[in-house]
Amino acid sequence: MLVHPQFDPVAIQLGPLAIRWYGLMYLVAFAAFYFLGRRRLATAAPGSPVAGWKPSDIEDLLVYGVAGVVLGGRLGYVLFYKPGYYLQHPLEALAIWEGGMSFHGGLVGVLVACAIFARRRGMRFLDLMDFVAPLVPLGLAAGRMGNFINGELWGRVSHLPWAMVFPQSGSAEPRHPSQLYQFLGEGLLLFALLWWFSSRPRATGVVSGAFLVGYGILRFLAEFAREPDAFLGTVLGPFTMGQLLCVPMVIAGLWLMMRRVRPSSAA
């Protein structure tokens with residue numbers, strides 16, 4: 001039986017300044033986006049919607065994306081998971097440093113931010129999202145590693161050989177290390193598939209659709225191993241809020257992949 005190492009949440013202490021592992025994982029995610037974006041620019045085919053972009057364009061896009069992730073992620077958590085609580089304590093909705101972020105809210109935030117960016121650059125929204133989609137999964141992997149280091153979002157009780165005791169759960173029963181499942185699935189596996197899939201010209205919106213379908217399915221499956229939030233539990237029979245929010249993602253992704261649109265140059 002394995003036991004969670006209970007890492008010190010503070011990675012670096014510089015006098016009164018404490019840099020936490022979870023914050024570092026966000027920096028890793030943003031750095032991965034930037035360097036992978038530059039790599040895709042370097043291999044962009046002539047005529048690609050991003051042909052002619054410079055590294056500074058990736059930096060600008062990253063600024064929009066960071067704003068979308070933070071604002072959307074927090075707002076999504078407030079609306080999807082604890083609307084009643086924050087209705088009674090509205091000022092606490094601003095306390096991002098206390099934790100509480102939603103991937104699905106962050107996704108909506110990024111979509112809005114990218115829509116604004118695309119409009120200002122005079123490009124089609126889906127062309128931009130096809131460029132962005134393969135850059136995202138490694139950032140998701142970093143986030144799940146941050147969850148594991150913090151010993152949060154642990155899994156359901158399990159007696160598999162790799163099950164792990166999370167003292168933070170208040171229980172001595174071994175559990176699925178569901179953060180690592182999501183690190184491998186929504187992170188590394190999805191990245192490898194999307195990077196390969198986007199390496200050839202695809203119809204506009206197909207790469208974006210593949211991201212939505214891939215993430216939605218992998219997250220839906222991972223939720224069966226993840227302990228539902230104590231304050232929410234399951235919300236529809238055996239299904240969690242995370243699973244319900246994945247359903248429209250998969251439907252939208254399938255629609256994007258099946259509709260008939262002219263092929264775009266590889267980005």
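This is a predicted model: local features need pLDDT of at least 70, side-chain atom pairs count only at pLDDT 80 or more; totals for chains, interfaces and linings use all residues.
Reader: What is the span of helix α7, and what is expected for its 20 residues?

Author: Helix α7, residues 178-197, reaches 26 Å from its first C-alpha to its last. That is close to the 28 Å expected at 1.5 Å a residue.

Reader: Ala252 has its place in α9. Why is Ala252 called partly exposed?

Author: Its relative accessible area is 33%. Buried would need under 20% and exposed over 50%, so Ala252 is partly exposed.

Reader: What makes Arg121 and Asp60 a salt bridge?

Author: The closest N and O atoms of Arg121 and Asp60 are 3.0 Å apart. The cut-off is 4 Å between a side-chain nitrogen of Lys or Arg and a carboxyl oxygen of Asp or Glu, so the pair qualifies. The pair links distant parts of the chain: Arg121 is in helix α4, Asp60 in helix α2, 61 residues apart. Together with Asp57, Asp60 and Arg121 are linked in a network of salt bridges.

Reader: Are Arg121 and Asp60 buried, exposed or partly exposed?

Author: Arg121 has 36% relative accessibility and Asp60 has a relative accessible area of 34%. Both values lie between 20% and 50%, so both residues count as partly exposed.

Reader: How do you know that Glu223 and Arg226 form a salt bridge?

Author: The closest N and O atoms of Glu223 and Arg226 are 3.7 Å apart. The limit is 4 Å, so this pair is a salt bridge. Glu223, at 5% relative accessibility, counts as buried because the cut-off is under 20%. Arg226, at 9%, counts as buried by that cut-off.

Reader: How many salt bridges does the whole structure hold?

Author: A search of the whole structure finds seven.

Reader: What makes the nonpolar surface patch, and why can Leu160 belong to the patch?

Author: Leu2, Leu160 and Trp162 make the patch, of about 280 Å². Leu160 lies in the loop between α6 and β4. A patch residue needs over 30% relative accessible area; Leu160 has 37%, so Leu160 passes that cut-off.

Notes: Residues are numbered from 1 along each chain as its sequence is written. Side-chain values use heavy atoms; hydrogens and water are left out. Patches are made of residues with over 30% relative accessible area and no salt bridge: like charges are joined within 9 Å, nonpolar side chains (Val, Leu, Ile, Met, Phe, Trp, Tyr) within 5 Å. Accessible areas come from the Shrake-Rupley method with a 1.4 Å probe; for residues, only the protein chains shown count as cover. Helices (H or I, at least four residues) and strands (E, at least two) are DSSP runs, numbered from the N terminus. Buried means under 20% relative accessible area, exposed over 50%, partly exposed in between (1.4 Å probe, protein chains only). The expected span of a helix is 1.5 Å times one less than its number of residues.
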